[in-house]
Amino acid sequence: MRIDFLTIFPQMLQSALAESILGIAQRKGLVRIRLVNLRDFTHDRRRTVDDRPYGGGPGMVLRPEPIFEAVELLRGPGSLVILMTPQGRTFRQSEARRLALCEHLILICGAYEGIDERVRNGLVDEELSIGDYVLTNGSLAALVVVDAVTRLVPGVLGDCTSVDEESFSTGLLEYPQYTRPADFRGMAVPEVLRQGHHGEIARWRQDVSRERTRARRPDLWADQTDVLGD
Ligand code: ADE
């Protein structure tokens, strides 16, 4: 899988992408991630990527030319061009699973007051938001998407069952986990987990997951009960 970030802040992303699972996935050759600096697609001495908005108003708007040039150079038959914007569809685990099957993602990271509307109309396949809040720039949002997608690429996580059992994949929040010590400052690990009876452990985990989901995420719980019919 290939992933290209189109950004004016490549250095903001560099160290995050080099660390931990994302770094390992790249070193193993499971994903190829490139940071493409939009300033490399400008033609003036000051490498200008933005300009004032037509019609007036505060802030600056990203110009269309560098973004069109970059996408036209990078895009191929298997590419999906995504614009990160608070106006996009909300990114969820189901979207992460869908994107993990793609051959090549191109993520356009907005900044400042916005992006010239012709990018949206003439270049973009889909728009994604990571939530109902406004970030200083879309590079951080793109990083969140790439992290969630990369860990689903086969081979990236060592233990492949962990992806199937975690929160959102099952439609339920994950059950609580414990490790040693069995008693920490008077807080004991639940007895059922220490007995080693697999059937009972599975039932306990399922019960706690359901109860947590009902209490903390009534929206997810409603989806569950739709499916289960109870
Ligand atoms: N750019 C700024 N805020 C954003 C958000 N919430 N999601 C995606 N891109 C953004």
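This report walks through the nonpolar cores and the ligand site of a predicted model.

## The main core

Let's start inside the protein. The largest nonpolar core holds 32 residues, and Phe 5, Met 84, Phe 91 and Leu 99 have the most contacts inside it. Several elements give two or more residues to this core: strands 1 (2–7), 5 (79–90) and 6 (104–109), together with helices 1 (10–18), 2 (20–27), 4 (93–99) and 6 (138–150). Helix 6 contributes the largest share, 7 residues.

Beyond its neighbours within four places in sequence, Leu 99 is in contact with Met 1, Leu 80, Ile 82, Phe 91, Leu 105, Leu 128, Val 145 and Val 149.

## A second core

There is also a separate core, made of 20 residues, including Val 49, Ala 70, Val 71 and Leu 123.

## Around the ligand

Which elements each supply at least two residues of the shell around the ligand? They are strand 5, strand 8 (126–129) and helix 6, with strand 5 giving the most, 3 residues. Among the residues around the ligand are Met 84, Thr 85, Pro 86, Leu 128, Tyr 133 and Leu 135. By type, the shell has 8 nonpolar and 4 polar residues, and no charged ones.

## Polar contacts and burial

Backbone atoms take part here. A ligand nitrogen lies 2.8 Å from a polar backbone atom of Tyr 133, while for Leu 135 the corresponding distance from a ligand nitrogen to a polar backbone atom is 3.0 Å. At Thr 85, a polar backbone atom is 3.2 Å from a nitrogen of the ligand. On its own the ligand exposes 260 Å², of which the protein buries 95%.

Note on methods. Residues numbered from 1 in each chain as written. Predicted model: local features only at pLDDT ≥ 70, side-chain atom pairs only at ≥ 80, totals over all residues. Heavy atoms only, no water. Core = buried A, V, L, I, M, F, W, Y, C linked by side-chain atoms within 4.5 Å. Buried < 20%, exposed > 50% of the residue type's maximum accessible area, 1.4 Å probe, protein only. Helix = DSSP H or I, 4+ residues; strand = E, 2+ residues; numbered from the N terminus. Contact = heavy atoms within 4.5 Å. Near = heavy atom within 4 Å. Polar contact = N/O pair within 3.5 Å; in protein donor to acceptor, adjacent residues only side chain to side chain. Areas by Shrake-Rupley, 256 points an atom, 1.4 Å probe, with all protein chains shown as cover. Nonpolar A, V, L, I, M, F, W, Y, C, P; charged D, E, K, R; others polar.
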